[in-house]
Amino acid sequence: MKIKKDEVGWLLLFILPTLILFTLFFILPILFLLVSSFTNWDGIDAEFVGFENYIKLFNKKSFVRAITNNLYWCITAALITVPLGLIIALLLSHRSRGWKVFRTVLFVPQVVSSAAIAMLWAAVFNAEYGLLNFILDNIGLSNYKNHNWLGNVRTANAALIGFSLCYVGYFMVIMLAKTASISEDYYDAAKIDGASQIQKDFYITAPLIKSTFFLCIILAVIFNLRQFEYVYLMTAGGPANKTQVLVVYIWNELTVQRLGRGSAAGVIMIALGAMLLLILRRTLKSETYN
Amino acid sequence: MIKLILKKLSITFIAISFTVISSVASAEITITWPSIWVGKDSKTTVIGELIDEFNAANAGSIKVVVEEQTDYDIYAQKLTAQIATGDLPDIMTVGAQLLDVLHRSGKAMDLAPHINSDSHWNNVYPENALQSAMTDGVLSALPYELFVTPVTYNKKILKDAGYDEFPDNYDDFFKMCEAITANGKVCTSQMTGKNGWTSMLWYSQALASAGGPDIYEKGLDHPAYVKAFEVMEKMYQYTTSDAVGADAGVSGGHFLNERTAVFMNGPWFIARYTSDGIPGLHENIGVAAAPMLMGGEGSPGGYVGGRQSSLAAGKQSDPAKEEAIVKFLKWLTIPENVARLSYSSGAMFIVNADLPNDMDRLFIEMKQGISDAPYVAPIFQNGIGSLAVASEFPQALSALAIGDVTPEGAVEMLQDAE
């Protein structure tokens, strides 16, 4: 679309409020973050320290562990949560009896406070009185009678990331909405050609909601890069920093008055997020944006 | 016509002016206090009563409004952020580890000028208590609550395991734990969640026992830090299966329900032995000094503790509000009010207060313990002098508890955080 010369003024006028707000709440804070990341700012005093914060961060095992764990969260979401959401969306798109009930039940975690969910799951995983150990004990797996799921190196991450699968409903609803927009003509034609339901799902529905599926992957990666409340409330990054994630790490730095180093961790997180998004955009470009 | 409009406008202007002036003149000063003494805290009831009484006595002029903060750790983190942003609440309860930061920020109200304005605080505080809390002549926070953390133990569980008295050294202590475990009970309540509070208190005891009360001046290279972690490593062999990741509620809950035999916390927990413990628990509780490490630099009967909560206020631009805040702080430090607080909760305070004769038995035993103690060493969180190291402690402890690091490795984690 070509913009006429006399329209430029109006265009700028309409963009200006958004531009001002975007600059105030995004650009300036990011610039501030960048500048403070080169200082030893403790909330009171600040001195320029160059790249010291960045060097110290990358020498910290717990920080590297936080990046790795965030990547685990993202990969799990992209490879398990979103595909699971797709499968459920395909099944519910048949509008079988009771599909609305399933849709509602699966979406419920989205409308419940994440803090409440975290506390609930922490209780489920508790070693002494947790529901999970009670069930395992009652089905004969007495080895797990007092297993501390969130306090054990081998199970803490799995327990945390595993329970995040209950958020499958969010992506399911997005993809289900997309299936509603597919013209019935395709299915009628397939029916005439004798296609089974699975064939219709695989050869008509799935390809037509591919762009939404990839959008969900991008959303899932963004959400999981910002993972905070579940980790903070259920393990606080422990035991031994094994479940540490970037935002909890940043929060810890801020609470011990190392705001400069926390800012550096924030800059790294933004860079990591931008890098992941660029990779995803390049990989999924044709499907997502065309 | 224009005259009429001008006349009407003038009348309206005068009327509005009167309304504004009268509303300003009669404006009630609201003091906000994000308080941790709410919910399950043992001071909740009396603090609530004191605020209600203060509000009633100052109805129409001052009103104290409490913002409930039920998580001590998150409250401290919130305060840290508020100190950094300069957005301090009117009144706050500050832990010892934040006092230095609060003072350096220069954003707290200086209470020093108010000490000399009348004799109240000079009369109610012990000699030099306020002067020693000043830095460069500035009093950023009013010292308020004191604490010590002796061992509290369940006499019934110990007796069932063949022990009439609490062991005075760690060798005998772990033999006792063995006997308690053989009896089907758990020896100690531990935790690594949040700031690792109750375990951090044990670590502080072991540290003072191994390195003496001045251990924090000797640096993290001192072998006492490793020795104290060796004690903790063993301690975690005799604790509940949920200790790694548990918070203070879980750790205390086990003792309150007689699942564990030994527990360590401050005197403010005394009231909860009756209010939240299983029936008869309070009668079964004994108080003792922590065990000693053989060959350590500490002395038998040594306690850890110190200054717990202080009361501070955000700097005010309105002198009337500053006066109102000082008036409320004075109300909280009136000896009779402090005595009520102490009586109901078991907590100890710096203010000189005549306590009733029928104070809780455990409170009296703890007070006696302080009198007999050769020293009261700071707890690790306050003594180490680094928020980063104190914050890393729960991670180092959990790494040790799950066998991820050795005691030397746990100390390295602390050094790495410095």
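This is a predicted model: local features need pLDDT of at least 70, side-chain atom pairs count only at pLDDT 80 or more; totals for chains, interfaces and linings use all residues.

Biologist: What's phi doing at A:R95?

Modeller: Phi there is near 55 degrees, which is a positive value in a residue other than glycine.

Biologist: And is A:R95 buried or exposed?

Modeller: Exposed. A:R95 has 9 other C-beta atoms within 10 Å, and 12 or fewer counts as exposed.

Biologist: Which residue in chain B has a positive phi although it is not a glycine?

Modeller: B:D136 does, with a phi of about 50 degrees. B:D136 sits in the loop between α6 (120-124) and β4 of chain B. B:D136 is exposed, with 6 other C-beta atoms within 10 Å.

Biologist: Back to chain A. Where is the cis peptide bond that involves A:P239?

Modeller: The cis bond runs from A:G238 to A:P239, with omega near 0 degrees. A:P239 is in the loop between α12 (229-234) and α13 of chain A.

Biologist: And which residue can you tell me about in helix α13 (residues 246-255) of chain A?

Modeller: A:Y249 lies in that helix. A:Y249 is buried, with 28 other C-beta atoms within 10 Å.

Biologist: What does A:Y249 touch, leaving out residues up to four places away in sequence?

Modeller: A:S62, A:F63, A:A66, A:Q244 and A:A265. Also, A:Y249 and A:Y54 are 195 residues apart in sequence, and their C-alpha atoms are 14 Å apart in space.

Biologist: Switching to chain B. How is it split into domains?

Modeller: The domain assignment gives domain 1 (30-146 + 307-349) and domain 2 (148-305 + 360-417). Their C-alpha centres lie 29 Å apart.

Biologist: How many residues are in contact between those two domains?

Modeller: 11 residues of domain 1 of chain B contact 16 residues of domain 2 of chain B. By class, the domain 1 side of that contact has 3 nonpolar, 6 polar and 2 charged residues.

Biologist: And which residues touch the most other members in the largest nonpolar core?

Modeller: B:L207, B:A228, B:M232 and B:A410, out of 132 residues in that core. Domain 1 and domain 2 of chain B both give residues to this core, so the core lies between them.

Biologist: What does B:L207 touch, again skipping residues up to four places away in sequence?

Modeller: B:L207 touches B:I215, B:A224, B:Y225, B:A228 and B:F380. There's also a second, separate core of 55 residues, which includes A:W41, A:L90, A:W121 and A:M269.

Biologist: OK, sheets. What's the strand order in the open sheet of 3 strands in chain B?

Modeller: β3-β11-β4, with antiparallel pairing. β3 (91-94) and β4 (141-143) of chain B stand at the edges with a single partner strand each, so one side of each is left without a neighbour in the sheet. Neighbouring strands are turned by 25 degrees against each other on average, direction ignored.

Biologist: How many bridges hold β3(B) and β11 (residues 310-313) of chain B together?

Modeller: 4 bridges, in the antiparallel sense. One pair to look at is B:V94, whose bridge partner in β11(B) is B:S310.

Biologist: Which helix lies across β3, β4 and β11 of chain B?

Modeller: That's α14 (residues 319-332) of chain B, running at about 170 degrees to β11(B).

Biologist: And the open sheet of 4 strands in chain B, what's its order?

Modeller: β7-β8-β6-β9, with mixed pairing. The edge strands are β7 (186-188) and β9 (285-288) of chain B, each pairing on one side only. From one strand to the next, the twist averages 20 degrees.

Biologist: How do β6 (residues 151-154) of chain B and β9(B) run?

Modeller: Antiparallel, joined by 4 bridges. In β9(B), B:V287 is the bridge partner of B:T152.

Terms used:
Residues are numbered from 1 along each chain as its sequence is written. Chains are lettered from A and ligands numbered from 1 in the order in which they are written. Two strands pair if DSSP finds at least two bridges between them. Helices (H or I, at least four residues) and strands (E, at least two) are DSSP runs, numbered from the N terminus. Axes are lines fitted to C-alpha atoms, for helices over the stretch in contact, and angles run from 0 to 180 degrees between N-to-C directions. Two residues are in contact if their C-beta atoms, placed from the backbone, lie within 7 Å. A nonpolar core is a set of buried Ala, Val, Leu, Ile, Met, Phe, Trp, Tyr and Cys residues joined through C-beta atoms within 7 Å. A residue is buried if 20 or more other C-beta atoms lie within 10 Å of its own, exposed if 12 or fewer, and partly exposed in between; C-beta atoms are placed from the backbone. Domain bounds come from an automatic or database domain assignment. Ala, Val, Leu, Ile, Met, Phe, Trp, Tyr, Cys and Pro count as nonpolar, Asp, Glu, Lys and Arg as charged, and the others, Gly among them, as polar.
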